[in-house]
Amino acid sequence: MHLVVLGAHCGDAEIQAGAIAHKYAKAGHEVTFVHLTAGEKGNPVNISVEDYRIQKIQEAEKVAKILGGKSITLDYKDAELTYDDATITKVATLMRKLKPNVVITHWVNSIHPDHALCPKIVQAAQLKTGLPGFDLDGLPPHYYSFYHSENWEDMEGYEPDVFIDVSEEFDTYLEALSNYWFIMNSKSFRYYDYYKALGTVRGCVNRTQYAQTLKFPVGANVRKGSIIPGFEL
C-alpha cells in the first residue's frame with residue numbers, strides 16, 4: 001500500500017497523521033508526506049521568509065525520514081493557495097505519479113484558508129486522477145480513497161469516525177515533531193503539548209494509551225448492501 005498524507009504546509013500532515021503514517025511505514029508500506037506550501041510566512045523575526053522556507057523543507061525531510069517516509073514540498077506560497085484548475089491538475093498529475101491507495105488530508109472547515117482549500121483540492125484531484133478522459137503527462141488513470149484528519153485549526157464539525165491505536169508509534173511521532181522549529185518554539189500556540197494531549201485523549205476513548213483519528217468525507221461512511229456491515233447472515 002502507498003499512503004499519502006497531504007497537508008497545506010510543512011508540518012500539517014505530520015502533526016495530523018504522523019503516528020498513523022509511521023505505523024504503516026513500520027509494517028512495510030510506502031508513506032509520502034506531501035506539502036502544498038512550506039508554511040514559510042510564519043517565519044521567526046530573525047529569519048527571512050525565503051530562508052525559513054528552505055529551513056521548513058529541510059525539517060520536513062528530516063521528520064519524514066524519522067517516521068519512515070519521504071517528503072515532497074510543492075512550490076505554492078503560504079497563505080496564497082488557490083482553488084483553480086491549474087492547482088488541481090498539478091496535484092492530480094502528482095497523484096498519478098505516486099499512485100496512492102489512500103490519501104489523508106485536512107478537514108473541510110478551518111480558520112486557515114489554506115487548510116480549508118486543501119481537502120477541496122484533494123477531492124477535485126481525485127476525480128481528475130481517476131478519469132481516463134484527462135491526459136496528465138501521458139500517465140495512466142489512478143483512483144484513490146481519502147480521509148480527513150485532526151488539526152487544531154480545523155475542528156469545526158470534526159467528529160472522528162475512525163480511531164487508530166498508535167501507542168507503539170507515539171514516542172517516535174513526538175520525537176519527529178520536535179524537529180520542527182515552530183512546533184517547539186511557537187509563542188502563539190503550544191503545538192507539542194496539544195498534540196501529545198490530543199493523542200492521550202483520543203487514546204482514552206479508544207481504550208489504548210494513544211490514538212489518532214480519521215473522518216470519512218461527508219457521505220462516504222454510508223454503507224449499502226443486504227446485511228449489517230460486519231455481521232454475515
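Helices and strands here are DSSP runs, numbered from the N terminus. The model is a predicted one.

**Exercise 1. Glutamate 153**

Locate glutamate 153 among the elements, decide whether it is buried or exposed, and find which residues it is in contact with, leaving aside neighbours within four places in sequence.

Solution. 
- Step 1: Glutamate 153 sits in a loop that runs between strand E5 (145-149) and strand E6 (162-165).
- Step 2: Its relative accessible area is 15%. Buried means under 20%, so glutamate 153 is buried.
- Step 3: With neighbours within four places in sequence set aside, the contacts of glutamate 153 are Asn109, Ser110, Ile111, His112 and His115.
- Step 4: One of these can be checked by C-alpha separation: isoleucine 111 is 42 residues apart from glutamate 153 along the chain, and their C-alpha atoms are 5.7 Å apart.

**Exercise 2. Helix H7**

Solution. 
- Step 1: Tyr191, Tyr195, Leu198, Gly199, Arg202 and Gly203 are the buried residues of H7.
- Step 2: Arginine 207 follows H7. Arginine 207 has a positive phi of about 65 degrees, although it is not a glycine. The residue belongs to the loop between H7 and E7, and its relative accessibility of 73% makes it exposed.

**Exercise 3. Helix H5**

List the buried residues of H5, and find the arc they cover and the elements that cover them.

Solution. 
- Step 1: Phe170, Tyr173, Leu174, Ala176 and Leu177 are buried in H5. Their arc around the axis is only 160 degrees, so they lie on the same side of H5.
- Step 2: Elements covering these buried residues include H1, helix H2 (49-67), H6, H7 and E7.

**Exercise 4. Cavity and pocket**

Find how many cavities of 30 Å³ or more the structure has, and describe the lining of the largest cavity and of the largest pocket.

Solution. 
- Step 1: The search of the whole structure returns 1 cavity of 30 Å³ or more. The space in the largest cavity is about 70 Å³.
- Step 2: Residues lining the largest cavity include Phe170, Tyr173, Tyr195, Leu198 and Gly199. H1, H5, H7 and E7 are the elements that give two or more residues to this lining.
- Step 3: Sorted by class, the cavity lining has 6 nonpolar, 4 polar and 1 charged residues.
- Step 4: The largest pocket has a volume of about 420 Å³. Its lining has 22 residues, and Gly39, Gly42, Lys56, Phe182 and Tyr191 lie nearest the centre.
- Step 5: H1, H2 and H6 are the elements that give two or more residues to the pocket lining, and H6 gives the largest share, 3 residues.
- Step 6: The pocket lining is made up of 7 nonpolar, 9 polar and 6 charged residues.

**Exercise 5. Helix H3**

Determine the reach of helix H3 (residues 85-98) from first to last C-alpha, and identify what its buried residues pack against.

Solution. 
- Step 1: H3 has 14 residues and reaches 20 Å from its first C-alpha to its last, close to the expected 20 Å.
- Step 2: Among the buried residues of H3 are Ile88, Val91, Leu94, Met95 and Leu98.
- Step 3: The buried residues of H3 pack against strand E1 (2-9), strand E2 (30-37), strand E3 (70-76), strand E4 (102-105) and helix H4 (113-130).
- Step 4: Lysine 99 follows H3, with a positive phi near 55 degrees.

Terms used
Residues numbered from 1 in each chain as written. Predicted model: local features only at pLDDT ≥ 70, side-chain atom pairs only at ≥ 80, totals over all residues. Heavy atoms only, no water. Buried < 20%, exposed > 50% of the residue type's maximum accessible area, 1.4 Å probe, protein only. Contact = heavy atoms within 4.5 Å. Arc of directions from axis to C-beta. 1 Å grid on protein atoms, 1.4 Å probe; cavity = no way out; pocket = protein on both sides within 12 Å on 5 of 7 lines; lining within 4 Å. Points joined across faces, edges and corners; volume = space filled by probe spheres on them. Nonpolar A, V, L, I, M, F, W, Y, C, P; charged D, E, K, R; others polar. Expected span 1.5 Å × (residues − 1).
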